[in-house]
Amino acid sequence: MAYVIIAVCFGLSGGIIGKIKGSSFLLWFLISGAIPVFGLIAACAYRFEREELRRECPGCGRVTKIYDALCTRCGTELEFPDVAIAPESWERVPAAPSR
Ligand SMILES: [Zn+2]
C-alpha cells in the first residue's frame with residue numbers, strides 16, 4: 001500500500017513538471033508513477049534539455065545543443081560557438097501568431 005502512495009506522489013510531481021514544460025501531464029504522471037525515481041529524473045532532464053542554449057551547425061545548419069561536440073546530422077566537429085541560440089523555453093510567445 002505504501003508503494004502505491006509513493007508511486008502516486010512521484011506521478012503527480014513528474015506530471016506537474018511535465019505539464020509546466022508544455023508536455024502531457026498524463027504521460028509524465030504514468031512514467032513517474034511506473035518508475036518513480038527514474039521517471040521524475042526523466043521529467044527533470046526533459047525540462048533542463050529545453051533550457052539549454054543551442055547553436056547552429058556551420059556545415060548543415062541543423063540546430064544542436066551547445067554542449068554537442070559533433071553534429072548529429074552531418075558529423076561536423078563543432079567548436080564552442082561565439083553566438084548561441086536562446087533555449088527553446090525562451091521562445092514561447094504569449095500571443096498566438098496572427099494568420
Ligand atoms: Zn551539421
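Modeller: A quick definition to start: a residue is buried under 20% relative accessible area, exposed over 50% and partly exposed in between, using a 1.4 Å probe and protein chains only. This is a predicted model, so local features need pLDDT of at least 70 and side-chain atom pairs pLDDT 80 or more, while totals for chains, interfaces and linings use all residues. Residues are numbered from 1 along each chain as its sequence is written, and side-chain values use heavy atoms, with hydrogens and water left out.

Biologist: OK, what share of the 99 residues counts as buried?

Modeller: The protein exposes about 6,900 Å², and carbon and sulfur atoms supply 65% of that (Shrake-Rupley method, 1.4 Å probe; for residues, only the protein chains shown count as cover). Of the 99 residues, the buried share is 26%.

Biologist: What pattern does the protein follow along the sequence?

Modeller: Helices (H or I, at least four residues) and strands (E, at least two) are DSSP runs, numbered from the N terminus. The protein has three helices and two strands. Read along the sequence, the pattern is α-α-α-β-β.

Biologist: Now the metal. Which residues coordinate the zinc ion?

Modeller: Donors are N, O and S atoms within 2.8 Å of the metal (3.2 Å for Na, K and Ca), and water is not among the atoms, so sites may look incomplete. Here the donors follow the spacing C-x2-C-x10-C-x2-C along the chain. At 2.1 to 2.3 Å, through their SG atoms, the zinc ion is held by Cys 57, Cys 60, Cys 71 and Cys 74.

Biologist: And what is the arrangement of the four donor atoms?

Modeller: Four donors pass as tetrahedral if all angles lie between 85 and 135 degrees. Around the zinc ion the angles are 105 to 113°, so the arrangement is tetrahedral.

Biologist: Is Cys 57 buried or exposed?

Modeller: Cys 60 is partly exposed at 29%, and Cys 74 is partly exposed at 38%. Cys 71, with 4% relative accessibility, counts as buried. Cys 57 has a relative accessible area of 3%, so this residue is buried.

Biologist: With those cysteines around, how many disulfides are there in the whole structure?

Modeller: A disulfide is a covalent bond between the sulfur atoms of two cysteines. The search looks for cysteine sulfur atoms within 2.5 Å of each other. For the whole structure, the count is zero.

Biologist: Which residues does Lys 65 touch, leaving out those up to four places away in sequence?

Modeller: Lys 65 sits in strand 2, and its 12% relative accessibility is why Lys 65 counts as buried. Contact means heavy atoms within 4.5 Å. By that test, Lys 65 touches Glu 49, Glu 52, Leu 53, Arg 54, Arg 55 and Glu 88.

Biologist: How far apart in space are Ile 66 and Val 83, C-alpha to C-alpha?

Modeller: Ile 66 is in the segment after strand 2 (63-65), and counts as buried at 11% relative accessibility. In sequence, Ile 66 and Val 83 are 17 residues apart; in space, the C-alpha to C-alpha distance is 9.9 Å.

Conventions: Four donors count as tetrahedral if all angles lie between 85 and 135 degrees; four count as square planar and six as octahedral if opposite donors are over 155 degrees apart and all others between 65 and 115; anything else is irregular.
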